[in-house]
Amino acid sequence: MNAPTSPRELAPATEQGRELPHESARLHVTGQATYTDDIPELRGTLYAALVLSPVAHGELLGEGIERAALLAQAGVVAVFTAQDIPGENNCGPIVHDDPFLADGKVQFLGQPVAVVVAHSMRQARQAAKGAKVTVKELPAILSIAQALAQQSFVMPSRGITRGQPESAIAGAPLRIQGRTECGQQEQFYLEGQIAYAVPREDGQLTLYVSTQHPDGNQREAAAALKLSAKDVEVICRRMGGAFGGKEGNSSIFSQSAALAAFKLQRPVKLRVNRDDDMMITGKRHDFRIDYDCGFDPHGRILGLDVVLASRCGHSTDYSGPVNDRALLHIDNCYYLPHLKIVSHRCKTHMQSATAFRGFGGPQGMFGIETVIEEIAHRLGKDALEVRRANLYRDPALSGDAGSMTTQYGQTIEDWIGDRVIDQVATEAHYGARRQAVNQFNAQNKSRKRGLALVPLKFGISFTATMLNQGGALVHIYQDGSVSVNHGGTEMGQGLNTKMAQVAADGLGIPVSRVRVTASDTQKVPNASATAASSGADINGAAINHACAQLRARLAPVAARLLDCDAAAVEFEAGIARSTVGAGTAAAMQTVPWQALVTQAWLERVGLSVTGFYMTPDIRYDFNTLQGRAFYYYCYGAAVSEVEIDTRSGEWWLKAVDIVHDVGQSINPAIDKGQIEGAYVQGLGWLTMEECIWDAHGKLLTHGPSTYKIPVASDVPEHFRVSLFDGRNVRPTPYRSKAVGEPPLMLSLSAFFALRDAVSASAQHRARVDLVAPATPERILLACERAKAAQRPEIPAP
């Protein structure tokens with residue numbers, strides 16, 4: 001029930017480690033993959049749309065809608081508001097402070113107020129769009145600055161103090177102070193939010209949902225309708241992307257559809273268009289970061305005081321753990337002996353900021369890397385030199401007992417950060433590239449290039465300890481084929497492909513015999529969300545546990561067929577085998593897998609089991625933010641080279657070199673795809689994806705025409721990814737490591753390369769004032785400020 005530790009589970013296997021194609025790749029490219037909207041609709045299906053608040057903050061007058069007017073619209077069958085919910089009106093995943101339909105007040109522009117149900121999707125949408133919301137508008141808090149000024153928070157501020165930061169900063173020979181910002185980001189999954197609710201007999205309900213957390217959708221729909229969890233089934237075969245945006249937010253749509261279907265006893269589909277999706281759902285938290293740092297002439301950080309303030313929106317959502325993870329990742333790869341960090345979680349009248357790939361880690365790392373860059377500029381050093389000067393070090397070498405211990409008290413047991421940095425610096429020819437960049441900049445007046453190498457260290461586990469568990473259900477059929485179900489969800493990341501490989505090796509059969517089926521709350525209950533990069537770890541280990549039980553049941557059957565001891569039976573390559581005799585007289589006896597399974601059925605051996613896993617050695621105190629928060633760490637480093645036009649701010653990504661640590665990869669092809677995709681998504685966050693709001697709290701960038709994400713032409717031909725040669729020191733399936741979130745932080749190298757290029761526009765003589773996203777407009781203005789700052793002042797006549 002804990003981490004796999006037997007030699008069989010840790011030894012190199014036949015299916016794991018292979019670059020197998022994604023299990024749905026052929027279906028994807030031929031259009032045969034079934035998403036929620038592709039499920040054949042049942043007779044009598046109705047369609048729903050949401051009426052949205054037109055103001056950021058206000059009191060609803062009555063129900064907030066004119067029900068009779070809506071019911072008079074063409075095709076409209078029913079209208080539901082908060083008053084029609086028989087149970088709990090909540091979609092808050094942790095704190096129950098977020099109604100899925102506004103009740104008495106609205107707290108952001110775009111908040112759902114009512115569900116309109118009609119005979120067609122078009123009729124429902126037209127009626128909802130034309131609905132008049134009756135509301136008394138109230139003053140709204142929209143920015144971090146406003147929230148701080150009014151002490152408006154979704155939860156109390158928290159922090160960590162280590163050592164004596166105040167005295168360390170005051171006594172340091174050098175000191176810098178500053179502020180930076182990193183922006184919001186829309187998840188922009190290709191498949192929008194969708195739910196299809198189907199009533200069943202005796203008050204039961206089946207929900208087909210595009211969701212990362214079927215268990216959450218099940219519990220919240222049951223609570224809303226005053227049903228038991230046993231009466232609500234949630235199924236998700238696959239999602240067309242999620243990135244955290246379907247962890248909690250999907251419940252808004254699944255509950256709305258469930259309410260309508262339950263009340264009408266008709267199937268109801270709710271599929272929002274892109275504009276409404278972006279107006280309703282939460283984004284990545286944007287952060288304001290203030291810092292005060294003392295350091296020495298070598299660039300070593302002696303003391304650091306950081307204040308993080310994030311815009312959390314109107315409710316708690318995942319803001320607690322997101323901001324906590326920012327606190328836990330402010331160190332990145334660096335030992336900070338004297339540190340004070342405070343986190344403010346600002347309440348604003350906007351969509352509740354929610355989970356997004358990295359979950360606070362990228363924002364924390366952005367803060368410390370900005371400090372590193374500022375120190376390098378002050379000292380006139382290459383930032384890589386400053387980064388190396390501050391890396392975690394073995395206490396035996398540093399002479400400091402705490403130099404391999406984080407600010408939250410966890411000893412780093414798997415440190416390879418320095419080796420990863422060395423490898424990427426070598427593979428990317430960093431020294432020669434730096435000289436070439438300097439030469440290019442000396443020869444070009446309006447075009448400047450920048451180069452940066454940025455490392456990462458990212459902790460793997462849910463910081464909420466109870467979530468670090470997984471389940472699996474494995475069936476062996478009489479023909480020898482195998483069905484696997486697990487608590488994770490497939491969102492394009494290749495989880496099911498890896499899980500098929502894990503199951504195949506667990507039973508010693510070809511992966512072609514294994515089918516991983518749709519996530520289903522009636523097959524694997526109480527599953528954690530597929531998040532925190534833990535999907536392969538916890539679900540793979542649960543599958544290993546199930547397969548170990550099946551092998552234990554099959555071994556005695558094979559032993560009787562092979563006339564040997566059960567302990568001598570091995571399962572591999574579709575056979576059960578044992579070795580008789582020794583030396584030159586040794587002989588191999590085998591029985592085919594299918595024959596073994598048939599015999600087991602004849603002997604009435606159970607061929608279906610459940611597996612379970614709980615991550616061991618997690619000892620983290622949520623209240624003090626101290627302890628062993630993570631099972632292990634992932635490491636990586638990237639070198640990015642960019643070129644900017646200082647006259648327009650236009651920029652080009654010229655080259656990317658990455659070395660990333662995935663342990664012993666279950667599927668290198670899938671892992672490399674995740675690394676590439678994560679980098680590009682992070683590139684979007686840091687350079688082009690900008691959420692723009694008007695003075696009334698309306699999101700203006702709510703579609704692909706106004707919200708720019710990276711496209712193929714933004715990716716350079718020189719894009720090289722190497723997997724670090726190593727294995728996880730902690731027992732995991734195949735000694736692999738998580739790969740979903742950590743590579744996103746590799747894109748920090750692109751932002752700081754842009755910053756380096758801006759600095760070059762002023763001959764590196766002026767401090768660079770550049771925040772994320774570094775859009776062309778911001779790059780142009782940063783160049784102008786830097787050039788103005790380095791010009792000598794003209795004396796007054």
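Trainee: Which residue is the bridge partner of Val580 in β23?

Mentor: In this predicted model, Val580 has Ala587 of β23 as its bridge partner.

Trainee: What makes β22 and β23 a pair of strands?

Mentor: Pairing requires at least two bridges between two strands. Strand β22 is joined to strand β23 (residues 587–592) by 6 bridges, and the two are therefore called paired. They run antiparallel.

Trainee: How many bridges join β21 to β22, and in which sense do these strands run?

Mentor: Strand β21 (residues 570–572) and strand β22 (residues 575–580) are joined by 3 bridges and run antiparallel. Glu572 has Ile575 of β22 as its bridge partner. The hairpin of β21 and β22 has 2 residues between the strands, and Ala573 takes a positive phi near 55 degrees there.

Trainee: Why is β11 described as largely enclosed by the rest of the structure?

Mentor: A residue is buried when its relative accessible area is under 20%. In strand β11 (residues 232–236), 5 of the 5 residues are buried, so the strand is largely enclosed by the rest of the structure. Val232, Val234 and Cys236 point one way, Glu233 and Ile235 point the other way, and all are buried.

Trainee: Which strands pair with β11, and in what sense?

Mentor: Strand β10 (residues 205–209) pairs with β11 in the parallel sense over 4 bridges. Leu205 has Val232 of β11 as its bridge partner. The chain passes from β10 through α7 to β11, a β-α-β crossover that is right-handed. Strand β20 (residues 519–520) pairs with β11 in the antiparallel sense, over 2 bridges. The bridge partner of Ile235 in β20 is Asp520. The threshold is at least two bridges, and the pairing of β11 with β20 therefore meets it.

Trainee: What makes β4 and β6 edge strands?

Mentor: The open sheet has 3 strands in the order β4-β2-β6, with antiparallel pairing. β4 and β6 (133–137) each have a single partner strand, so one side of each is left without a neighbour in the sheet. Strand β2 (residues 58–65) and β4 pair over 2 bridges in the antiparallel sense, and Gly58 has Val106 of β4 as its bridge partner.

Trainee: Why does Cys91 count as buried?

Mentor: The cut-off is under 20% relative accessible area; Cys91 has 4% relative accessibility and therefore counts as buried. Cys91 lies in the loop between β3 (76–80) and β4 (105–106). Leaving aside neighbours within four places in sequence, Cys91 is in contact with Asp98, Pro99, Phe100, Glu220, Gly248, Ser251, Ile252 and Gln255. Its C-alpha lies 16 Å from that of Gly104, 13 residues apart in sequence.

Trainee: How do you know that Ser759 is buried, and where is it found?

Mentor: Ser759 is found in helix α20 (residues 748–760). Its relative accessible area is 8%; the limit is under 20%, and Ser759 is therefore buried. Residues up to four places away in sequence not counted, Ser759 touches His764, Ala766 and Val768.

Trainee: How many cavities of 30 Å³ or more are there, and what is the volume of the largest cavity?

Mentor: The count comes to 9 cavities of 30 Å³ or more, and the largest cavity has a volume of about 100 Å³. It is lined by 16 residues, of which Asp98, Phe108, Ile252, Ile280 and His314 are the closest to its centre.

Trainee: What makes the space a cavity and not a pocket?

Mentor: A probe of 1.4 Å fits in a cavity but cannot get out, whereas a pocket is an open set of points. By class, the lining of the largest cavity comprises 7 nonpolar, 7 polar and 2 charged residues.

Trainee: Which residues lie nearest the centre of the second largest pocket, and which helix gives the most to its lining?

Mentor: The second largest pocket holds about 650 Å³ of space. Its lining has 34 residues, and Pro93, Ile94, Tyr318, Ala464 and Leu467 lie nearest the centre. Both α7 (214–225) and α10 (319–328) supply at least two lining residues; α7 gives the most, with 5 residues. By class, this lining has 17 nonpolar, 12 polar and 5 charged residues.

Conventions. Residues numbered from 1 in each chain as written. Predicted model: local features only at pLDDT ≥ 70, side-chain atom pairs only at ≥ 80, totals over all residues. Heavy atoms only, no water. 1 Å grid on protein atoms, 1.4 Å probe; cavity = no way out; pocket = protein on both sides within 12 Å on 5 of 7 lines; lining within 4 Å. Points joined across faces, edges and corners; volume = space filled by probe spheres on them. Nonpolar A, V, L, I, M, F, W, Y, C, P; charged D, E, K, R; others polar. Buried < 20%, exposed > 50% of the residue type's maximum accessible area, 1.4 Å probe, protein only. Contact = heavy atoms within 4.5 Å. Right-handed = clockwise from strand over helix to strand, strands pointing away.
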